[in-house]
Amino acid sequence: MRLTGTLHPWATVGKAGRVRSHEGGRVCVQSDCATILSIYNPTKFCAVHAQSAACGRHRAQEHAVREVTCAHCGAEFETRNQTRRFCGDRCRMAAFARRKRAAVRASMILLSEQEATP
Ligand SMILES: [Zn+2]
Ligand SMILES: [Zn+2]
């Protein structure tokens, strides 16, 4: 795995053109984590836990470039989206359609005795 993102992901999170520093000597508030926080880190978490703390917030997912193998066609691509698994919409749709077909087939077996009307 290759990380080409910045070492200070929070640097891109702050408001544009406004670099604030925070007092030093702070430690990540995540239990069992003793990471000293950067003075440029506006959060209470280290880089690792800031991600999980900000889980669901789109911005937090934009800093690290991941190298991913498409789960459908196997092509390698780079993405900043931590949850992306497909190289493109075509593969995403194709994999989704395949899953859906499989699910439909499974439910068809269950419903095989009764005529299903949509
Ligand atoms: Zn931490
Ligand atoms: Zn693909």
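Which residue in E2 is the bridge partner of Val68? The points below answer this and describe the rest of the chain.

1. Basis of the model. This is a predicted model, in which local features need pLDDT of at least 70, side-chain atom pairs count only at pLDDT 80 or more, and totals for chains, interfaces and linings use all residues. Residues are numbered from 1 along each chain as its sequence is written, while chains are lettered from A and ligands numbered from 1 in the order in which they are written.

2. Confidence. The mean pLDDT (the predictor's confidence in each residue, from 0 to 100) is 79 for the chain, and 69% of the residues score at least 70. Confidence is highest in E2, at a mean of 92, and lowest in H1, at 81.

3. Secondary structure. The chain holds two helices and two strands, arranged along the sequence as α-β-β-α. Helices (H or I, at least four residues) and strands (E, at least two) are DSSP runs, numbered from the N terminus.

4. The bridge partner of Val68 is Phe77 in E2, and Thr69 stands opposite Glu76. Six residues lie between the strands of this hairpin, and Gly74 takes a positive phi near 85°.

5. Helix H2. This helix covers residues 89–111, and its 23 residues should span 33 Å at 1.5 Å a residue; the end C-alpha atoms are 31 Å apart, which agrees. The expected span is 1.5 Å times one less than the number of residues. None of the residues of H2 is buried, so the helix lies largely in the open. Here a residue is buried if 20 or more other C-beta atoms lie within 10 Å of its own, exposed if 12 or fewer, and partly exposed in between, with C-beta atoms placed from the backbone.

6. Asp32. This residue is found in the segment before helix H1 (47–53). Asp32 has a positive phi of about 70° although it is not a glycine. Most residues other than glycine have a negative phi. Asp32 is exposed, with 5 other C-beta atoms within 10 Å.

7. Of the 118 residues of the chain, 8% count as buried. Among contacts (C-beta atoms, placed from the backbone, within 7 Å) with a separation of 6 or more, 25% join residues 24 or more positions apart.

Notes:
Pairing = 2+ DSSP bridges. Contact = placed C-beta atoms within 7 Å.
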